[in-house]
Amino acid sequence: MLGLIASIPYWAQSLLRVLGGIVAVLLPAGTIVYVFLFKMMSFMQSRLGPMEAGPFGSLQLFAEVGKWLQKEDLYPERADRFIFKIAPLIVLSSTFLLVAVVPFGPDAWFTNFEAGVFYALAVSSVSVLGILIAGWASANKYSLLGGLRAAGQLIAYELPMVLAVIGVVIQAGTMNLQQIVVAQNAGSIFGWDGLGNPYILTQFVGFVIFMIAVQAELTQTPFDMPIAESELVSGYMTEYSGFRFLIFFIGEFATAGVFALIASILFLGGWGVPFAWFGWTSIDSIDNWMNVVGPLIMFTKMMLLVFIIMWVRFSYPRFREDQLQRFAWKVLIPLSLVNIMATSVLKVAF
Amino acid sequence: MTMLGDRQQLAYIASQAADARVNVELETEGMTLNIGPQHPATHGTLRIIARLDGEQVLWAEPSCGYMHRGYEKLTEVRTFPQVTALINRIDWLGSFANEVPFILAAEQLMGIEAPPRAQWIRTILFELSRIANVSLFLGDLGVQLGAITPVFFAFRDREYVLNLIEGATGGRFHPNFDRIGGLKDDLPAGWIDETRAVMRKMRKFCDEIEGLLFGNEIFEARTRGIGVIPRDVALQYGLSGANLRGSGVDWDLRRDQKLPMAWDKIDWKVWTHPDGDSYARCWIRLQEVRESTFIVEKLLDSLPSGPVMAKVPRIIKVPEGEAWVATENPLGEMGYYVVSKGELGPFRVKIRSASFNNISIVPWLLKGVYVPDIITILASLYFILGDIDR
């Protein structure tokens, strides 16, 4: 597989990778919107959801996208136009940057570099910038409040997320996402390797903290004050309509998908199956068909994690801004520090 | 000693100066935020003018009148039976309850009383409109606090109650069923059994909401201790309904006054809560929906037979006089002061609606709270715009 890619010219390789990146962002985003936002939410709320466009409303999303694209590109009179226009693109670009390090199979990756975890956590906070300037440039008081809340919240929850991942990094001994996947699937639990060693078992506290931080990072309920439809009327997105809102919308769900992908790599074993099942020993001995099956496994795990995110989103009320900050600084961060300490001690002990 | 004292004093002055400098540097400009007239949290077109410092409210003031429809004036050019069609629309979620006090006032002026069966059915429909009204509040409460699912349960289950009201009166939202001297019709066949089934459903709905919202830690964190109204303040501002009972005042017009209605014929409980915060107000409403289902069931058990209409003249002329009748509506005390000059229609009607008095406490209550708490407090005070502006 890798040989096949290496045999084509560099520009074609790059084009393939870009197309792959677009598919890897948009396909999960569309699936998440249909399966969870349209259907699961409707079933939870004892209604059917969209039923007209396509079988069981499965083409509803295309209808919605068409509607958004047809709308006029409106901006407020006193808005800072240039910044107002690029803000959604910045938010979405953070998603594309994030997906670049996600490995989907033994050879199916966009980039594979050593500081993958570090890079992922770093670019995930680019979206804060987009949200903040969207709130500022809208020249709207609600947007401004939403943008400020978003900035405070996203920065506060960046920290527990990083600290939760450190436990995984310590246990795997690498910051390369591909190596973390291999370490989990090649590992064993007290000598039994039938399940590999997915870090959700040993790093359960880290997993929970990570998922809570993801929930906050995505500004999903119960951490959705920056959007807060009933008080801030959608916060920083208030003034956006048409395709700029569409970009925010795609960004929201694509980021949910990509964060779920990263969580599945860090805690659920990523694209791999336990190596013992097929007698593999290292990454080089993996059969080529894993490059096709791997993405499917990733996709399944992603849907599972997004299901949890959305389940919480549709059933909880939202926190208040100060309660959220208190929760981050007084509960999550100390807990993740304890987790890091316990992991280090156990790592040295075993 | 003096040296040390001086030094301490100097240090103190220096620290004060530093604080002052920091304060000057950090001095922020306030921001006036218009919440409404078009805002999802205002249930219509209420406007709250809030002066903010960051996210903290310095002062806030409700500005109402965006939906004023002039009902008090309109009643003067209607005949007595026509007025019910108007006043149905005051609190549009619990329409039947609006008709009752007006009809009672007219009956009081004419010196007639509805037959027992009519009184019973009036009370049942009154409680059904309370259930329909407050169950929607319970769902909407979730939306205000960010939980989007409960409101759909509320809409789903309220529909059963609205079907009952429609079955009995013909009007889903605006029954216009109450007549001077009784009711337009008797109950249709099979209605009583269906009502019993729906009351069981509504109790299940209450359990569901209790589990979804009231048992939720985030909900408690958002409502407990927020918007506390002490007992004396609640009395001073003339609050009524669950807002008053949530402050620990045991006051319910259904029990505390003698009216030709059926509430005093059965046993039921008036719920109060000592805390006076948003949680208490919401909790009281939940308990009241549950209590109303029991009231309806007990009234159905003891429903007397007989006519539903007293003997009234074909053309209703209300004798000269003045009457004040108030009842405990879903939103609180709702009363009509009816002045008649012996003609076909009223000379003057003063409508005392609960929400108008209930939101008068908003400036006092919103002082110093944070923006998200504005929403919690407004939601827990539970007003309906039609009831404020009339």
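This is a predicted model: local features need pLDDT of at least 70, side-chain atom pairs count only at pLDDT 80 or more; totals for chains, interfaces and linings use all residues.
Residues are numbered from 1 along each chain as its sequence is written, and chains are lettered from A in the order in which they are written.

Student: How many helices and how many strands are there in chain A?
Tutor: Helices (H or I, at least four residues) and strands (E, at least two) are taken as DSSP runs, numbered from the N terminus. Counted in this way, chain A has zero strands and 14 helices.

Student: What is the radius of gyration of chain A?
Tutor: The radius is taken over C-alpha atoms, and the globule rule is 2.2 Å times the number of residues to the power 0.38. For 350 residues the rule gives 20 Å, and the value for chain A is close to this, so the chain is as compact as a globular protein of that length, with a radius of gyration of 21 Å.

Student: How many residues of chain A are in contact with chain B?
Tutor: Two residues are in contact if their C-beta atoms, placed from the backbone, lie within 7 Å. By that criterion 26 residues of chain B meet a set on chain A that numbers 24 residues.

Student: Which element gives the largest share of the side of chain B that touches chain A?
Tutor: The elements giving two or more residues to this side include α5 (116-144), α6 (150-169) and α8 (217-223) of chain B. The largest share, four residues, comes from α8(B).
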